[in-house]
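Please keep the sequence and the three-dimensional view at hand while reading.

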Amino acid sequence: MDRLDGSANLMLVSDLDDTMVDHTDPDNLSLLRFNALWESTYRQDSILVFSTGRSPILYKKLRKEKPILTPDITITSVGTEIAYGEELVPDEGWVQLLSQNWNRNVVLEETARFPDLIPQADMDQGPHKVSFYIPKEKAQEVISPLYTSLTQRGLDVKIIYSSGLALDVLPKGAGKGQALAYLIRKFGSIGKPPKSTIVCGDSGNDSEMFTIKGVYGVMVHNSREELLEWYEENAKSNDKIIHATERCASGIIEAIGHFQLGPSISPRDAKLFFSSEDNRNPASFMVNFYLLYESWLRAEVEKSEAIIHNLKSITHSTGVIVHPSGVEKSIHQSIDALESCHGDKRGTSFRVWLDKILFSAIGLGSWLLKFNKWELNGTSAKRSVMTVLLNSKMETPYVFCIMHIHQTWLEEYSIRDQQSWIF
């Protein structure tokens, strides 16, 4: 990663469905807990990788449905596609590697000989991934003869069966584990091997990731039988792999603490909004600031003069907040407006989370932060690009003081009602 000068402190590689994302949690609380922890503590010097069986199309669909952070790297289509950043720039070296001894047309010809294989939708397919549905009781009758027929046609393939239903035919060098190994080699080749790597999964197509030498691993509590059986047969003696007691993202947080890979208490759990210890860096300071903003509107903190006073003590008296329309307000004026809004979002699904927080020192005691701020209200989520200037030299009871806030709503998320806008 170009943004890191050296090795990542931690590379966290996680499956999405039923691992990072809990589809039984309508409030997405475990995911929001992870988001706050990652952005406050790890984003600046670590790498977040999502490794999913979803195609790029279905991955983008999930990102619109759930409060998922922007990863540094995305591995999609069961490890057959690697892409970088929010723009999903493809890794051409990986494409070339997988194309060796692979012919998609031959795979289609041979799989057509097995009537029990039901092709998945076009959006689930990929250049190096041919996917089907097949019941568990018939899968074993198909896998072995299918593999034999493909190798006889000169292809190097692997067949992955997961979730008791999905069968994927991939190039032999593909898969979530091989994609991860490729990334580790790539970072090593430029002198930036991650200091620690942890993989997180719940199903059979995640098992390969746990076999990569030196990685830590967590099978979340709700892991499928196929992954737990693989663990019992292949990795039970590996003390670097645990079966978490918590579901999904909460299990990932649990594993970070278990392996002592870094802080593992989410700011959403600590709720130390004004603690200098919990606001140890500019990122954690901003995460806590907006968590307090959310809690105030949801009436999860009491309405008190003390909170308003503390908010003013961490913002400069001449500080300015700039609305996307260009309208400027005093930050203290905005805090006064916030006081009357206590409980306005009580009992609603209103949530705030920050994404892609990066900060840099621009002078002695001055910090510039850039990040995305998301607000969820009902089923509608809107995103703004934030630029914040902090000063750590002001005489306040806390480490940082907000000097300036500039907010730009992206066109598709724009807010035209200035009266509803505060922070």
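Which hand does the crossing of helix 10 and helix 11 have? The crossing of these two helices is left-handed. The model discussed here is a predicted one.

**Annotated domain**

- According to the UniProt record, an unreviewed entry, residues 9-260 carry the annotation "domain: Sucrose phosphatase-like".

**Helix 10 and helix 11**

- Helix 10 comprises residues 282-297 and helix 11 comprises residues 305-313.
- The two helices pack at an angle of about 150°, and their axes are 13 Å apart. Helix 10 is therefore roughly antiparallel to helix 11, since angles over 145 degrees are classed in this way.
- On the side of helix 10, the contact involves F289, L292 and W296, which meet I307, I308 and L311 of helix 11.
- Sorted by class, the contact of helix 10 with helix 11 consists of six nonpolar residues, with no polar and no charged ones.

**Two residues of helix 10**

- W296 belongs to helix 10 and, with a relative accessibility of 1%, counts as buried.
- Leaving out residues up to four places away in sequence, W296 touches V301, E302, K303, S304, I307, I308, L338, E339, C341, H342 and G343.
- W296 and R346 are separated by 50 residues in sequence, and their C-alpha atoms are 9.1 Å apart in space.
- L291 also lies in helix 10, and it is buried, with a relative accessible area of 5%.
- When neighbours within four places in sequence are set aside, the contacts of L291 are P267, R268 and F273.
- L291 and P127 are 164 residues apart in sequence, with a C-alpha to C-alpha distance of 42 Å.

**Helix 4 and helix 5**

- Helix 4 spans residues 104-111 and helix 5 spans residues 136-152.
- The axes of helix 4 and helix 5 come within 10 Å of each other and cross at roughly 140°. Helix 4 is therefore oblique to helix 5.
- The crossing of helix 4 and helix 5 is right-handed.
- V106, V107, E110 and T111 of helix 4 meet L146, S149 and L150 of helix 5. By class, this contact of helix 4 with helix 5 contains four nonpolar, two polar and one charged residues.

**Two buried serines**

- S30 is placed in helix 1, which covers residues 29-42. S30 is buried because its relative accessible area is 8%, and buried means under 20%.
- Apart from residues up to four places away in sequence, S30 touches D22, D25, C248, A249 and S250.
- S162 is part of strand 8, which covers residues 157-162. With 3% relative accessibility, S162 counts as buried.
- Apart from residues up to four places away in sequence, S162 touches G204, N205 and E226.

- Most residues other than glycine have a negative phi.
- V78 has a phi near 55°, which is a positive value in a residue other than glycine.
- V78 is located in the loop between strand 3 (73-76) and strand 4 (81-84).
- Is V78 buried or exposed? V78 is buried, with a relative accessible area of 1%.
- N101 is not a glycine, yet it has a positive phi of about 55°.
- N101 is located in the loop between helix 3 (92-98) and helix 4.
- N101 is partly exposed, and its relative accessible area is 45%.

Note on methods
Residues are numbered from 1 along each chain as its sequence is written. This is a predicted model: local features need pLDDT of at least 70, side-chain atom pairs count only at pLDDT 80 or more; totals for chains, interfaces and linings use all residues. Side-chain values use heavy atoms; hydrogens and water are left out. UniProt positions are given in the numbering used here, feature names are shortened, and annotations may be inferred rather than shown by experiment. Axes are lines fitted to C-alpha atoms, for helices over the stretch in contact, and angles run from 0 to 180 degrees between N-to-C directions. Helices (H or I, at least four residues) and strands (E, at least two) are DSSP runs, numbered from the N terminus. Angles under 35 degrees count as roughly parallel, over 145 as roughly antiparallel, 65 to 115 as roughly perpendicular and the rest as oblique. A crossing is left-handed if the near helix is turned anticlockwise from the far one by less than a right angle, and right-handed if clockwise. Contact means heavy atoms within 4.5 Å. Ala, Val, Leu, Ile, Met, Phe, Trp, Tyr, Cys and Pro count as nonpolar, Asp, Glu, Lys and Arg as charged, and the others, Gly among them, as polar. Buried means under 20% relative accessible area, exposed over 50%, partly exposed in between (1.4 Å probe, protein chains only).
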